[in-house]
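This briefing goes through one protein model by topic. Look at the sequence and the structure below before reading the points that follow.

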Amino acid sequence: MKARVHVMLKNGVLDPQGEAVRHALGALGFDGVVGVRQGKVIELDLADGTSEAQVKDMCEKLLANTVIESYSVEMI
């Protein structure tokens with residue numbers, strides 16, 4: 001059993017890594033990119049019986065900084 005957690009900065013939070021990627025894309029000639037938000041994907045291998053609620057608890061306590069980040073959980 002696996003879970004995939006997507007973590008992104010919340011709207012309105014400055015994303016310097018995303019801005020660096022946007023700038024680099026422009027320097028490479030990709031002028032159509034007006035904004036980039038960079039996040040992370042965490043894949044968890046879980047023991048049978050681990051619930052989505054438990055994974056969300058993991059996110060709240062460790063995997064995401066909920067002050068500035070939002071997350072979504074996909075059980076796969």
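A polar contact is a pair of N or O atoms within 3.5 Å; within protein, one atom must be able to donate a hydrogen and the other to accept it. One such case is the side chain of Glu69, which reaches the backbone nitrogen of Asn65 at 2.7 Å. The model is predicted.

**Nonpolar core**

- The largest nonpolar core has eleven residues: Ala3, Val5, Val7, Ile42, Leu44, Leu46, Val55, Cys59, Leu63, Ala64 and Val73.
- At least two residues of this core come from each of β1 (2-9), β2 (39-45) and α2 (52-63).
- In soluble globular proteins, nonpolar side chains tend to be buried together.
- Val5 is one of the core residues. Apart from neighbours within four places in sequence, Val5 is in contact with Lys40, Val41, Ile42, Leu44, Val55, Cys59, Leu63, Tyr71, Ser72 and Val73.

**Salt bridges**

- How many salt bridges does the structure hold? There are seven.
- Side chains of opposite charge can pair when their charged atoms come close.
- Glu43 and Lys2 form a salt bridge through their side chains, with an N to O distance of 3.6 Å. This pair links distant parts of the chain, as Glu43 is in strand β2 and Lys2 is in strand β1, 41 residues apart.
- Glu43 has a relative accessible area of 44% and is partly exposed. Lys2 is also partly exposed, at 32% relative accessibility.
- A salt bridge also joins Arg4 and Glu74, whose closest N and O atoms are 3.8 Å apart. Arg4 lies in strand β1 and Glu74 in strand β3 (residues 69-75), so this pair, 70 residues apart, links distant parts of the chain.
- Arg4 is partly exposed, with a relative accessible area of 24%, and Glu74 is partly exposed at 34%.
- A network of salt bridges links Lys2, Arg4, Glu43, Asp45 and Glu74.

**Helix α1**

- Arg22 and Glu19 have side chains that meet in a salt bridge, at 2.4 Å from N to O.
- How are these two residues placed in helix α1 (residues 16-27)? Arg22 and Glu19 are three residues apart in this helix, which means that about one helical turn separates them.
- Arg22 counts as partly exposed, at 24% relative accessibility. Glu19 is partly exposed too, with a relative accessible area of 41%.
- The length of α1 can be checked against a simple rule. At 1.5 Å a residue, the twelve residues of α1 should span 16 Å, and the end C-alpha atoms are 16 Å apart, so the two values agree.
- Just after α1 comes Gly29, which takes a positive phi of about 95°.

**Glu69 in strand β3**

- Glu69 is in strand β3.
- Is Glu69 buried or exposed? Its relative accessible area is 14%, and buried means under 20%, so Glu69 is buried.
- Leaving out neighbours within four places in sequence, Glu69 is in contact with Val7, Met8, Leu9, Lys10, Lys40 and Ala64.
- Between Glu69 and Val7 there are 6.5 Å in space, C-alpha to C-alpha, although they are 62 residues apart in sequence.

**Met8 in strand β1**

- Met8 is placed in strand β1.
- Met8 has a relative accessible area of 31% and is partly exposed.
- Which residues does Met8 touch, not counting those up to four places away in sequence? They are Arg37, Gln38, Gly39, Ile68, Glu69 and Ser70.
- Met8 and Glu69 are 61 residues apart in sequence, and their C-alpha atoms are 5.4 Å apart in space.

Definitions and conventions. Residues are numbered from 1 along each chain as its sequence is written. This is a predicted model: local features need pLDDT of at least 70, side-chain atom pairs count only at pLDDT 80 or more; totals for chains, interfaces and linings use all residues. Side-chain values use heavy atoms; hydrogens and water are left out. A nonpolar core is a set of buried Ala, Val, Leu, Ile, Met, Phe, Trp, Tyr and Cys residues joined through side-chain atoms within 4.5 Å. Buried means under 20% relative accessible area, exposed over 50%, partly exposed in between (1.4 Å probe, protein chains only). Helices (H or I, at least four residues) and strands (E, at least two) are DSSP runs, numbered from the N terminus. Contact means heavy atoms within 4.5 Å. A salt bridge is a side-chain nitrogen of Lys or Arg within 4 Å of a carboxyl oxygen of Asp or Glu. The expected span of a helix is 1.5 Å times one less than its number of residues.
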